[in-house]
Amino acid sequence: MATTAVDQQPVVVEESVATKIGRFAGRAPVHLVLMLIALMWLIPTLGLFITSLLAPSDQAEGGWWNFLFQPSAWTLENYRDMFDNDSIVDALIITAQITLGATVLPILVASLAAYALAWIEFPGRDWVFLTVIALLLVPIQMALIPMFRIYNTFSLFDTIPGLILFHSAFALPFAIFLLRNFFAGIPRDLMEAARIDGASELRLFFKVVLPLGIPAIASLAIFQVLFVWNDLLIGLVMAQQNQPIAPELASQLRQFGSNLDVLAPAAFFSAVIPLTIFALFQRYFVQGLLAGSVK
Amino acid sequence: MSSTAIRPEFPPEGGAPAAPHKSRWRGLLLPLAFLLPAFFFLGIWVVYSTFATMWRSLFSDRGDRFVGLDNYERMFTDEAVQTAIRNNVLWVLIIPAGVTAVGLVFAVLIEKVRWSIAFKIAVFIPLAVSLFAVGVIWRIMYQEDPERGAVNAAIVGVQGIFGDTGVLSSARPSTEAITGTPQGGLTLQEAIEPGDVALLGLTAIRADELPEGAVDAVEPEPLQGGITGVVWRDFKPGGGTPGEVESGELGIAGVTVELREGESSSAVESTTTEEDGTFVFEEVESGTYRVAIGAQTFAEPFAGFSWLGPTLITPAIMIAYIWVSAGFAMVIIAAGLSAIPRDTLEAARTDGATEFQVFRRITVPLLAPVLTVVFVTQIIAVLKIFDLVLAIAPGSSRDDATLLAFEMWRRSFSGQNLYGLGSAIATFLLLLFIPFLIVNVRRFRTEAK
């Protein structure tokens, strides 16, 4: 957990100016190749962004790259239309609600369970944890058909709580796995000292374990926000009128080409929010990736 | 299953006050209270539904009839499911190795670069974007018309360098001495012998197709033992005589001229015209020949690959997937790389090992555990791919792009409602995860000991 790959600088060894120049010249091709790759990786997203800024007539006229250096052709008209489009705005609001609920709830549930698995001795504990590890791999597809029926029976179909609960359940195995391993790393002395002072398990959980677990919880929260915000499958199956943004727009893909002025801004805007979160907290994201690349 | 090595001991007697009833409370009820919410979610959404799906796979689509293993038989004889299985195999064979390799190369390259953070962010962005947005992004990239789709535009750019496109798109012979069509090549009917001059006049050429700076055509002198000739635009404003090279008529450069023996239609020799439209075949053996303008002169400009069509859809989705996942592999591998002791690498370099040898003999073996993690994670991820197929493949290509996780959804929910078949596909998918599940559990158990 301690390595923060993105921040890490290579170890700099003292060397003469001549070696430095020589090395730089020797690496010029590497720089060039890397710049080319970075460009290749940025171009697709840039294409979406520029397309989203073009009037429908310009989109029809030719490739977006023709307008790359023509800011006068750019317009926010498509975005204005998007915010006037009730179904898209509603879908964005629903997505935000689901994301919030399906991030807070599973983290809370998982940290309780992880605490028990890490710090409370009870018979069969390792079996419980092994089961959790096994459940990590169950694909969502496995739950769709039975839950579809249950959701219809209990009127959870097409509701925000229904989607939050579904996401929470499938977030749990990974969350418990990650948090349990993190909590288990808390120094034993610290826990014992608190116990000797007579702290109850709940107090221990809220006052010691949760605060110490914040880095892991943060990683988890970012994963979950990205996962829920970007989900297509669960929203597509378990909702109809109240679909989140990705499934809502997916139905519009059918007319791809004629409705780029709707699709492009919506796709870009729906990507901006996870991108912002990612940019702000990428350190935690990377840590989380390193801690549990299993999901 | 006690694993006291990494577990804390609980307060010894005399430490915290531990009354008998309290220890029993601690023994089971307390952990249960902490675990109950998780059990509720996992029990219903994951465990119950897993068994329910397996059970459901033994019943008919409407659920009213027990059909045994019929759904599995249907599944393996269903054409789309067979395609899905084939595609899944292809994906598993290509993608995990590909993503790991790309990640490894990136991680090694950025190691010594100051601006590695900027690079990482560029490669990382797709990972945060929803796969739906990724779909829109790549459908914009993959548009067939090279004027609109960046991928095909890039291919045109590369092709332009190699000049595969013909200089003309269409033309007609200016006199009846020449026959044929642009697609098959235009042949001068009159037999030619060494020392003759072949005049190949063309009309109906679009003005904008003549290369810039075209010069007046010149009728070449006959050449002893060779065949000369000219290809020109046999037209000038105000008319002119067809079949004669006149001043003001332009030569056509870059035309492929073929020399064909006798009546044969295959070329014994070919050349391209000069700026003034002239061409020369030197040292031609005596005999009768025909001169023709090769079909490649009229090769249509590249119309673009249809990436989203049935043939290329799977590679197209794979490219998009690599674009998404490279960042993941890169970061994990880069972290592993930074943990390799510098001394080992430096020692090898001092001993005269080349960078490639260091990479091949030291870096890769030391990284093996990390590479395995990335590889296995990617296999699992590939088996779960659903969104990308939905978002990138247009309806007409879905039959060819399909993967198991996608097919399960399509059969069950996209209006088909084949719940029996869908349950069978889901169960089969779960089966594919079992080996990884065992590995994961084993790994944990050895770690715990």
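Strand S6 (residues 256-261) of chain B is mostly covered, with 5 of its 6 residues buried. Here a residue is buried if 20 or more other C-beta atoms lie within 10 Å of its own, exposed if 12 or fewer, and partly exposed in between, with C-beta atoms placed from the backbone. Helices (H or I, at least four residues) and strands (E, at least two) are DSSP runs, numbered from the N terminus. This is a predicted model, in which local features need pLDDT of at least 70 and side-chain atom pairs count only at pLDDT 80 or more, while totals for chains, interfaces and linings use all residues. Residues are numbered from 1 along each chain as its sequence is written, and chains are lettered from A and ligands numbered from 1 in the order in which they are written.

S6(B) is joined to S7(B) by 5 bridges, and these strands run antiparallel; two strands pair if DSSP finds at least two bridges between them. Along this pairing, B:Thr256 stands opposite B:Thr272 in S7(B). The hairpin of S6(B) and S7(B) has 5 residues between the strands, and in it B:Gly262 takes a positive phi near 55 degrees. S6(B) is also joined to S9(B), again by 5 bridges and in the antiparallel sense, and B:Arg260 has B:Arg290 of S9(B) as its bridge partner.

These pairings belong to an open antiparallel sheet of 5 strands, ordered S2-S3-S9-S6-S7 in chain B. At its edges are strand S2 (178-181) and strand S7 (267-272) of chain B, each of which pairs on one side only. From one strand to the next, the twist averages 25 degrees, with axes being lines fitted to C-alpha atoms (for helices over the stretch in contact) and angles running from 0 to 180 degrees between N-to-C directions. Within the sheet, strand S3 (residues 185-188) and strand S9 (residues 289-293) of chain B run antiparallel and are joined by 2 bridges, and B:Leu186 stands opposite B:Ile293 in S9(B).

Another open sheet in chain B has 4 strands in the order S1-S4-S5-S8, with mixed pairing. Strand S1 (172-173) and strand S8 (278-281) of chain B are at its edges with a single partner strand each, so one side of each is left without a neighbour in the sheet. Strand S5 (residues 227-233) of chain B pairs with S8(B) in the antiparallel sense over 4 bridges, with B:Thr228 opposite B:Val280.

Turning to the helices, 9 of the 10 residues of helix H12 (residues 404-413) of chain B are buried, so this helix is largely enclosed by the rest of the structure. Among the buried residues of H12(B) are B:Phe406, B:Trp409 and B:Arg410. The buried residues pack against helices of both chains, including helix H6 (141-153) of chain A and helix H13 (419-448) of chain B. Just after H12(B), B:Gly415 takes a positive phi of about 95 degrees.

Between the chains, 90 residues of chain A are in contact with 90 residues of chain B, a contact meaning that C-beta atoms, placed from the backbone, lie within 7 Å. Helix H1 (residues 17-52) of chain A gives the largest share of chain A's side, 14 residues.

As for confidence, the model scores ipTM 0.86 and pTM 0.78. Chain B averages a pLDDT (the predictor's confidence in each residue, from 0 to 100) of 84, and 90% of the residues score at least 70.

Key: Contact = placed C-beta atoms within 7 Å.
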